[in-house]
Each structure stands twice: as structure tokens, then as C-alpha cells.
Amino acid sequence: MSAQSSIAIAPHRFAYGYYRQSWWNWLIGTAFFFGEIGAGLFLVSLLTGPALGMLVGYLIVMAGKNTAHLMYLGRPARFWRAAMRPDRSWIARGIWATGIFGASGALLLLPQFFPLPWQPQGATASAVTWLAGLSALFIMFYDGFVMNSSRAIPFWNTGMLPLLCLTYAALGGTTLSLTLRELTGLGEAAPSLLVQVEYILLVTNFVLLAMYLAHMWDWSPAARETVRMLVVGRYARFFLGLVLAVGLVATLLLAVVHSRMHATWLAILIAACELTGDFALLMVLLKSGLFSPQTAPAFRSS
């Protein structure tokens, strides 16, 4: 371990050391961010109301996530190729889930905002609601499996990553739902359970992050180097400052204050802090991904 810990990050492809991943940039991080918070807001609003939250969440996914994805791919033609083989690819599964979410969400929302001659009823309405809810739930966590499938990057190669994406998406959706209620004058009607869920998710995410880093510290030398960069290295100010201090600690303290002093500006500040931590976490997870050093084949004398 002592020999491995002395390995540095390689400055270029022809040097020996850990290699930074460079294919997953801010555009794919933005697509992940919009997908998670939009689907989270849609699902929370589907379970607790109001319909306006479902509409906002739907638009965040369909406009924000899909636009960032298309910009990342560069050419729309690649989008259709990426949807092939859902039996093998988490990216393809995510595209299909987003398509199902788009169709079922539209069927669910259109009759609530526009007078239509036809609207789903009975078993059809139940099927549409279930499809929209389950596809939103899938969008909330499948990004973790997309990153997890890159086995060459040890820091992403754990089942804890999809769980972390799910809990952060649930937190973002809950916070946005509470903020929308405040902005639309429905703050007093917010279920007390929803406020308690926000507290629980803030603490849960803090514990999950601590467990994630502790697990990765012993996982592999490359994963340990990523942990070092997040805690004391080049990404420490983003992880400790934005993800932990702003995204979790400040959000929790402000939420406690808001429960005693209802103010619209305070609700907006809470949402800004939580979403800043959410986006910062996705970006540091992507930027800090390292490949293990390439090893030369062992020489054997004949």
C-alpha cells in the first residue's frame, strides 16, 4: 500500500500514474442534475400534490435534461444509436425510461391544464399514473448505474452510487416541492410529513456520503486517491464547501429556521443552497474519477 500511495496523477497519457477521466464533462453532469431533480419533483408532487409541481418537474426533465443530453452527444443522430440494446446498456434503458415518462406524463398532465375531449379514466388512468410514477423513479437513480457500469473507474464501481443518486433526487424533489408551495401561497398547506422527510433526507445523505468515502478509502488505490482529492486535494473546497457545508449543513439549519419563521425569501435561499450542493456533488463525482495506472506486462525469463 505504501508503494501504491506514492503514485501520482499522470500529467499526460505517456506518463505513469492515475489518469483523469475526461469524457464525462459538465454537460452530462447538467443532464444528470436536471433528470434527478425534475423526476424527483414530479414523483413527490404525484404523491402529495399539487399538479403544478408535476408540470414543473416534467418540464425540467423533458427540456433541461434532454437538451443537455443532446448537446453532450453533439449530433442528434447519436441519440437514436444510444437507445439501441436496452438489454445491455444503462444509457439505453435511461433513454427508454425518459421516453415512457414523456408520453405517460403528457397523458397525465394535459387533461389537468387543458380542456380535452378525451382523458384517461378508470384502469387506463391508473396505468398511465403508474407508468409515469415508475419511469420517474427510474430516472431518479439510473444515472448512478450509468456511472457504475464504467468499471475502469474504481470510485464509481460501487452499488452505493445509484442509492446516493436516488436519495439526492428525492431531496431535490422534496425541497423544490416545498419551495413551489411557498411561492404559490400553498406553504401553509404543505404536509408536515414532507417537511420531516426533508430533514431525514438531509441527514441520510450526510451519512451516506460518509459511508461512501469510508468504503472507497479501502476499495482500491485509485479510489483512495479520489477520496484524498475530495477531502484535502484539488476538489476539497468544492466538496467540503459546496456539497457538505452549503448543500447539507446550511440547508438543514435554514430549514429549521424556516419552520419557525415562514418567509418566502428563506424558502428560496434553502432551495438555492440544496440545489447548489446537489449540482456540486455530481460535478465533483465526475471530475474526480480516476483510472488505475496501466501496468507493464511482467517479464519472464525462459
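1. Arg-85 is partly exposed, with a relative accessible area of 42%; here buried means under 20% relative accessible area, exposed over 50% and partly exposed in between (1.4 Å probe, protein chains only). The side chain of Arg-85 meets that of Asp-87 in a salt bridge, at 3.0 Å from N to O. A salt bridge is a side-chain nitrogen of Lys or Arg within 4 Å of a carboxyl oxygen of Asp or Glu.

2. This is a predicted model, in which local features need pLDDT of at least 70, side-chain atom pairs count only at pLDDT 80 or more, and totals for chains, interfaces and linings use all residues. Residues are numbered from 1 along each chain as its sequence is written, and side-chain values use heavy atoms, with hydrogens and water left out.

3. How many salt bridges does the structure hold? There are three. One of them joins Arg-224 to Asp-218, with the closest N and O atoms 3.8 Å apart. Asp-218 is exposed, at 62% relative accessibility.

4. Glu-225 and Arg-228 also form a salt bridge, at 2.8 Å from N to O. Both lie in helix H9, three residues apart, and so are separated by about one helical turn. Glu-225 is buried at 10% relative accessibility, whereas Arg-228 is partly exposed at 36%.

5. Helix H9 covers residues 221–231, and its buried residues include Ala-222, Val-227 and Leu-230. Helices (H or I, at least four residues) and strands (E, at least two) are DSSP runs, numbered from the N terminus. The buried residues of H9 pack against helices H8 (192–217), H10 (236–260) and H11 (264–287), and against strand S2 (290–291); contact means heavy atoms within 4.5 Å.
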